Amino acid sequence: MLLSDVAAELNVTDSQVYHMVRSGELPAIKIGGRGQWRVERAKLEEYIQRKYTETAKWVQTNPLVD
């Protein structure tokens with residue numbers, strides 16, 4: 001997937017996805033003479049699942065208090 005496709009899927013900006021890729025948070029490959037980034041659909045799904053798990057743990061340790 002193009003980084004712009006990933007951005008649309010996650011409803012974030014292209015630059016946010018680029019930062020996630022460059023920081024290593026989201027696995028990607030660089031291809032072609034111009035070094036265009038691509039993210040495999042399976043890697044994106046793994047990333048999303050990891051974020052659900054991280055969020056669930058965060059919610060458990062940070063309860064909403066009135």
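Predicted model: local features only at pLDDT ≥ 70, side-chain atom pairs only at ≥ 80, totals over all residues.
**Entry 1: where α1 meets α3**

From α1, Val 6, Glu 9 and Leu 10 take part, and they meet Arg 41, Leu 44, Tyr 47 and Ile 48 of α3. I sorted the residues of this contact by type and got five nonpolar, two charged and no polar.

Next I looked up the geometry. Two packed helices are described by the angle between their axes and the distance between the axes. Here α1 spans residues 3–10 and α3 spans residues 41–61; their axes come within 12 Å and cross at roughly 35°. I noted the crossing of α1 past α3 as right-handed.

**Entry 2: the buried side of α1**

Which residues of α1 are buried? I found Leu 3, Val 6 and Ala 7. Looking down the axis of α1, I saw these buried residues fall within an arc of 100°, so they line one face of the helix.

I then asked what covers the buried residues of α1. The cover includes α2 (14–23), β2 (36–38) and α3.

I also checked the contacts of Ala 7, leaving out residues up to four places away in sequence. Ala 7 touches Val 12, Thr 13, Asp 14 and Val 17.

**Entry 3: just after α1**

Asn 11 follows α1 and sits in the loop between α1 and α2. Most residues other than glycine have a negative phi. Asn 11 is not a glycine, yet its phi is positive, about 60°. Is Asn 11 buried or exposed? Its relative accessible area is 70%, and the cut-off for exposed is over 50%, so I wrote it down as exposed.

In α2 I listed Val 17, Met 20 and Val 21 as buried. They cover an arc of only 95° around the axis, which puts them on the same side of α2. Ser 15, His 19 and Arg 22 are exposed on the other side of the helix. Among the elements covering the buried residues of α2 are α1, β2 and α3.

- Val 17 lies in α2 and is buried, with a relative accessible area of 0%. Not counting residues up to four places away in sequence, Val 17 touches Leu 3, Val 6, Ala 7, Val 12 and Leu 26. Val 17 and Ser 4 are 13 residues apart in sequence, and their C-alpha atoms are 8.0 Å apart.
- Ser 23 also belongs to α2. At 44% relative accessibility, Ser 23 counts as partly exposed. From Ser 23 to Lys 43 I noted 20 residues in sequence and 15 Å in space, C-alpha to C-alpha.

After α2 comes Gly 24, and its phi is positive, near 90°.

**Entry 4: the nonpolar core**

Last, I turned to the core. In soluble globular proteins, nonpolar side chains tend to be buried together. How many residues make up the largest nonpolar core? I counted 11 residues in all: Leu 3, Val 6, Ala 7, Val 17, Met 20, Val 21, Leu 26, Trp 37, Val 39, Leu 44 and Tyr 47. Each of α1, α2 and α3 supplies at least two residues of this core.

How values were computed:
Residues numbered from 1 in each chain as written. Heavy atoms only, no water. Axes fitted to C-alpha atoms, helices over the stretch in contact; angles between N-to-C directions. Helix = DSSP H or I, 4+ residues; strand = E, 2+ residues; numbered from the N terminus. Left-handed = near helix turned anticlockwise from the far one by under 90°. Contact = heavy atoms within 4.5 Å. Nonpolar A, V, L, I, M, F, W, Y, C, P; charged D, E, K, R; others polar. Buried < 20%, exposed > 50% of the residue type's maximum accessible area, 1.4 Å probe, protein only. Arc of directions from axis to C-beta. Core = buried A, V, L, I, M, F, W, Y, C linked by side-chain atoms within 4.5 Å.
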